[in-house]
Amino acid sequence: MQYRDYGQTGAISALGFGCMRLPELERNGKWYIDEEKAIPMLRRAAQLGVNYFDTGYFYCHHNSEATVGRALKPLRGSVLISTKCPMGELKSAADYRGWFERSLRELDTDYVDYYHFWSLDIGTFQQKVIGLGLLREAQKLKDEGLVRHISFSFHDDAKHIKEIIDRGELFETMLVQYNLLDRSNEEMIAYAAAKGLGVAAMGPVGGGRLAAPTELYARMTGKGQMPTYELALKYVLGNPNISCALSGMGDEEMLRKNVAVASEAAALSPEEWQQIGDSLERLRRFSDLYCTGCAYCQPCPAGIDIPKIFNAYTYHNVYGLKEHAKEQFSEYLQKGGATRKDCKDCGFCERKCPQHLKIRAELSRVEGILQTA
Ligand code: SF4
Ligand code: SF4
C-alpha cells in the first residue's frame, strides 16, 4: 500500500474504505449489515494496509457506523475513522454536538479521527456552519480530544469551494467528488492542496460505472488494454493533489483489486495522466447527461429508478456500449421498473439532485433513445 500525506494531519493510505456499500440483508422489511461478511472484509482491508475508513450515520440504512465500530475496535490505535455530521438535520449548535455524540456511541469509540461537515453547499455553509457558529462547536470537540481533525465534504458548484476553504479556518481536509467522468473540482482540489488541506476523492470509479470493462484506455492512449476500474483508480491517484481515493467496496474481490492498484508505486506517468485527461475532455464534450449515481433523487414516489435509467444511458452515450445500455434498460422494464409515464410530477427528484439535472425532461428523452438504441 502506498501512503501519502493527508494535508498536515499525518499519513493516509492511498486507498480509503468507503463504508456505504457494505453487504446487507433484508429480513421482514428491515435492513441489516451482513456482519459475517462485512467485519472480516473491513479487518482484511486493514491487514492489507488500508488505514482510512469513512462512514456516516445514514449509510447502509443507519447501520454502517455500528458495524465499522465493531470491526475496527481491536485495531483502533492503528486505523483512522472518519464520520459525518448530517447538516440537513441541524437546527441549532446543540444539535451539532448531539449528532457527534450519537456517532461516537454508534462507533463505540472514544474519539473520531476526522469529523466532517457532511455534504456542504454554499447556502448550508453560510447559514449553518457560519450562521450557527459551528466552527466554535467543532473547536470544542477538538479541545476535548473527542475529534482529531475537522473536515468537510462538498456537493455544490466547484466555484464555491474557495469561500468554504478561505472562511473555514478549522478545516484540515476535504472530501470531494472526483473521477474520470467528473473533473469539475480539479482546480479547487489544487487550491485546497496549496492551502495545506488534505484531499480525499469520493467516487473514484464513477459510482461503479467505470468498473465495467470498456475500451476506454485503448481508445484514449492507443496503447494496449487496461481494465477500466484500474484506469479510473490510477487516474485519481495520478493527481498529485489527491491524498486518498475513497472507494465504496462491497466485496473482497473489489477490495483485492483496488488494493493491488493502490499499492503500485508508479500509477500513471504525469504525461499519461495529462493525455488521458485531455482525451476524456473530448469524450465528455459529447456527453449530454452527467448523473453521478448519488441517488439523492431517491426514493421517487412513483418508484422510478432514476440513477439506473441514467446509468444505462451513460453506457450508451459516453462509452458507446449501445447493446449493453439497451439490455440494461430492457431488463429494467421486464422487471416492471417504473418509467416517466408513471411520474407524478412532484418535483422531489429535481429539488434533490446536486447536479441540477432536469430529471423529468431527461427521462423522457433518454428512455426514448434507449428504447430505440
Ligand atoms: S417528479 Fe416524477 S420522477 Fe421526480 S420524484 Fe416525482 S414522481 Fe419521481
Ligand atoms: S439524477 Fe441527480 S440526484 Fe439522481 S442519481 Fe443522478 S445526479 Fe444523483
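Two residues are taken to be in contact here when heavy atoms of each lie within 4.5 Å. The structure is a predicted model, in which local features need pLDDT of at least 70 and side-chain atom pairs count only at pLDDT 80 or more, while totals for chains, interfaces and linings use all residues. Residues are numbered from 1 along each chain as its sequence is written, and side-chain values use heavy atoms, with hydrogens and water left out.

Asn-185 has a relative accessible area of 4% and is buried, a term for values under 20%, with exposed meaning over 50% and partly exposed in between (1.4 Å probe, protein chains only). Leaving aside neighbours within four places in sequence, Asn-185 is in contact with Phe-154, Ala-158, Ile-161, Val-176 and Gln-177.

Aromatic rings come next. Rings of Phe, Tyr and Trp (its six-membered ring) pair if their centres lie within 6.5 Å; planes under 30 degrees apart count as stacked, over 60 as edge-to-face and the rest as tilted. By this rule there are 18 aromatic pairs. In one of them, the ring centres of Tyr-6 and Tyr-114 are 5.1 Å apart and the planes stand at 50 degrees, so the pair is tilted. Because Tyr-6 lies in the loop between β1 (3-5) and β2 (11-13) and Tyr-114 in strand β8 (residues 112-120), this pair ties together parts 108 residues apart in sequence. Both Tyr-6 and Tyr-114 are buried.

Phe-117 and Phe-171 form an edge-to-face pair, because their planes are at 75 degrees, with ring centres 5.8 Å apart. Phe-117 belongs to strand β8 and Phe-171 to the loop between α7 (161-167) and β10 (173-177), so parts 54 residues apart in sequence are tied together. Phe-117 is buried at 0% relative accessibility, and Phe-171 is buried at 5%.

The axes of α4 (residues 93-107) and α6 (residues 134-143), lines fitted to C-alpha atoms over the stretch in contact, come within 9 Å and cross at roughly 35 degrees, on a scale from 0 to 180 degrees between N-to-C directions. The contact is made by Ala-93, Tyr-96, Arg-97 and Phe-100 of α4 and Leu-134, Glu-137, Ala-138 and Leu-141 of α6.

Definitions and conventions: Chains are lettered from A and ligands numbered from 1 in the order in which they are written. Helices (H or I, at least four residues) and strands (E, at least two) are DSSP runs, numbered from the N terminus.
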